[in-house]
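Good morning, and thank you for coming.

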Amino acid sequence: MAALKKSGKMTSRRTVAKRQSPPVSLRYKKTIQQLQNKIKELNVWKHRLSMILEFGQKSSAITDLDDLLILFVDEAKTVLNADRATVFLVDRKEKVLWSKVAIGTEPIRIPIDKGIAGSVVSMGRLLNIKEVYEDPRFNPEIDKKTGYRTRSILAAPLRNSKKEVIGVFQVLNRKGSASFDSQDEEVLTLLAEQASGVVENAQLYLEIKKIAYETIIRLAGAAEYKDHDTKTHLWRVAQYSGILAETMGFPKEWIENIKMAAPMHDIGKIGVPDHIINKPGKLDPSEWDEMKKHSQYGSEILKGSDIELMQMSASIALHHHERWDGKGYPNGIVGEKIPIEARIVSLADVFDALTTQRSYKPAFSIEESATIIHSESGKQFDPKVVDAFSKSFSKFVAIREQFKKANDHPGQPAQPIFVVK
Ligand SMILES: [Fe+2]
Ligand SMILES: [Fe+2]
């Protein structure tokens, strides 16, 4: 050792070691750079998480499945910086995956066991494919049809509370990067978890609404069944009322309610004796008085509920024969004192009665019926409702055409009024 010191060899080794390690300022610079990168990465996460939280808040206020899906795909595109995004829903009955809403592409329908999305359903886990054309599971048919070139796919399963796969959340072609990374996988997993709960709720909500509507139509049909002249009357009145409400600018939920409540307008006929309901020709004054009681009977059946839809139904049943000029029944109330839902259904009800054959009258043409409706503006009908009728007349004609075929098969409308999206 002494010899080494003497020869100066040790000193020169230390000098070499000193020269090999970077200077202190450079080491700090590197650490600072690493920390800055970490902060940048954390900021990206923070931004993404805040977007996801915002998305969760927005989605919890939406019950319409279409609106929800639009929100999901839009959000996924933004948060994941993807070129396209699609939410597929599983239809096990038809064995397909279908995209009700897709941003940047046309709706797609694919076999449940095909493609990357199909593999996500069968495997039940996320797939991150960096080069799809190198993956044998990729189905290039959609690219061929659309002319789009898919490069990378990130797809995660949507699950219901029973852990069954109910859909696939898929994003395509990350912008500004070759493919999706592990952080993107975590983000899509979070989005898919949120989307799963909301999609399942929305599907259940639709199912309940469908059951409620079916029940209403069948119960209201019990009253209609007594009246052999008006087999499909309820269905058309519901459609016409929905069109008027939409044209008048009512909110979506209110429009849905009036479409469900309108078929119950004559439910009180269940209390009117059969020989009066089905009497061919004109009713005598005492029979007419008996017939008029159906609005009060209907109200008695439907009133007292704290459900908004039932309250609206009771109001329509009671007031649908009131007139704008106060000459209607049962109470002879005037103008805007008549609830708006009843003023709408009143026009829809009369227009349908005019355009269909009854035991006491032939069917008028659509044009003749429209002339009668217009002539009653400010008398029988609210001028604002007549105005909405004029604006949406082509839609009334279309509904009438749809139901022409239905008249050949009483009780079976050509198309259901309430279509579950
Ligand atoms: Fe009625
Ligand atoms: Fe009616």
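A crossing of two helices is called left-handed if the near helix is turned anticlockwise from the far one by less than a right angle, and right-handed if clockwise. This is a predicted model, in which local features need pLDDT of at least 70, side-chain atom pairs count only at pLDDT 80 or more, and totals for chains, interfaces and linings use all residues. Residues are numbered from 1 along each chain as its sequence is written, and chains are lettered from A and ligands numbered from 1 in the order in which they are written.

Let us start with one helix pair; helices here are DSSP runs of H or I with at least four residues, numbered from the N terminus. H12 (residues 294-302) passes H13 (residues 308-319) in a left-handed crossing. Their axes, lines fitted to C-alpha atoms over the stretch in contact, come within 7 Å and cross at roughly 165°, on a scale from 0 to 180 degrees between N-to-C directions. H12 is therefore roughly antiparallel to H13, a term for angles over 145 degrees. Among the residues making the contact are Ser 295 and Leu 302 of H12 and Met 310 and Leu 318 of H13; contact requires C-beta atoms, placed from the backbone, within 7 Å.

I turn now to Leu 347. Which residues does Leu 347 touch, not counting those up to four places away in sequence? They are Leu 244, Ile 373, Phe 381, Val 385, Val 386 and Phe 389. Thank you for your attention.

Technical notes
Helix = DSSP H or I, 4+ residues; strand = E, 2+ residues; numbered from the N terminus. Parallel < 35°, antiparallel > 145°, perpendicular 65-115°, else oblique. Contact = placed C-beta atoms within 7 Å.
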